Amino acid sequence: MTELIEKLEKQSCLTRDEYVALIGGRTPELGELLFEKARCIRRKYYGNDVYIRGLIEFTSYCKNDCLYCGLRRSNRNAERYRLTKDEILSCCKNGYELGFRTFVLQGGEDPYFTCERLVDIIKAIKSEYPDCALTLSVGEKSFEEYKAYYDAGADRYLLRHETADEGHYSLLHPEEMSAENRKRCLRDLKSIGFQVGCGFMVGSPWQTVENLADDMLFIKELQPQMVGIGPFIPQHDTPFGDKKAGTLELTLFMLGLIRLTLPSVLLPATTALGTIDPRGRELGILSGANVVMPNLSPREVRDKYLLYDNKICTGDEAAECRNCMQMRMKSIGYDVVVSRGDHTNTEYRKRNENDLRS
Ligand code: SAM
């Protein structure tokens, strides 16, 4: 099996059968070899730098009904909130002072935030913080809406594909949602010029090793600039409340595989990883990740954005999260840097430089 890791290191791709064999046949020793190679590759592109993104969870309303998610519309026990434009801008101000140069606006699919309202917020953030990157993560929209966000100044878009397999996708989502539309969105976003992030949950109900291999092939084909993965964690008020969580071990292994498959990808060690293990994010970085996303949302709303149970950091102020992350990264020999933290592809830098000049 070590030869498969060496092949992946050299060619940045395996066949479906090879991914299946490697994921299905993984051992702690293979994991160590994989992580060593993953660290080596990330060092080549990013040194020991860890990029931080300030996450602003601006609405917990959602019109969708994904079976795994605590924000699903059928969850009557979820407390709903939405931040005002001023509240969002004040999160950015706080974040800017703390050294964040990327803001991530994430939320449920909330019809209140029409294209017009979102464009207005994007323009306000980009005009106050022209040296910052703005990432959106607001779900499935039309080509025209994505284009309007991009023209207003948004730089990046996160939309996990969740699972590349249609059959598996339909077990996790209501009938009106499809893997095909999710993939259409990702291709639209890419063609518009966004730095795009796809991704999936590890250990979601009924996920097979073959599904994970297909996820790797989809990622390879899409060539996203970012990939967000984290363990599935049950939320007690959803239909998957009694399902088993994904494991730390498999999530780390998948992070390592992604680093070897897309060597220069921006790869976060996610909050979900920190939730299933107190050292999850540090271990994520040591497995090839190079991004962390501390929370900038106001403390009053943090415990209302509950995608899954036992989410960490719900009682902390932004400054505490920022400092805590710095210490955690330092403890493993990595440095949190004050930077937009763009993908290495220079085209994206050019757009930023032109924006700053004009
Ligand atoms: N509405 C936007 C979207 O659909 O992309 C962004 C918000 S959505 C809540 C962000 C991500 O949270 C999803 O893509 C999903 O992978 C993850 N998520 C939701 N429920 C989860 C759970 N129970 N365990 C782990 N991750 C979960």
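**Exercise 1.** Which side chains meet in a salt bridge with Lys7, and at what N to O distance?

*Solution.* The model is predicted: local features need pLDDT of at least 70, side-chain atom pairs count only at pLDDT 80 or more, and totals for chains, interfaces and linings use all residues. Residues are numbered from 1 along each chain as its sequence is written, and side-chain values use heavy atoms, with hydrogens and water left out.

Step 1. A salt bridge is a side-chain nitrogen of Lys or Arg within 4 Å of a carboxyl oxygen of Asp or Glu.

Step 2. The partner of Lys7 is Glu18, at 2.9 Å from N to O.

Step 3. Lys7 belongs to helix 1 (residues 2-11) and Glu18 to helix 2 (residues 16-24), so this pair ties together parts eleven residues apart in sequence. Helices (H or I, at least four residues) and strands (E, at least two) are DSSP runs, numbered from the N terminus.

**Exercise 2.** State whether Lys7 and Glu18 are buried, partly exposed or exposed.

*Solution.* Step 1. Buried means under 20% relative accessible area, exposed over 50%, and partly exposed in between (1.4 Å probe, protein chains only).

Step 1. Lys7, at 26% relative accessibility, is partly exposed. Glu18, at 18%, is buried.

**Exercise 3.** Describe the salt bridge between Asp342 and Arg156.

*Solution.* Step 1. The closest N and O atoms are 2.9 Å apart.

Step 1. Asp342 sits in the loop between strand 9 (335-337) and helix 15 (346-357), and Arg156 in strand 5 (residues 156-158), so the pair ties together parts 186 residues apart in sequence.

Step 2. Both Asp342 and Arg156 are buried.
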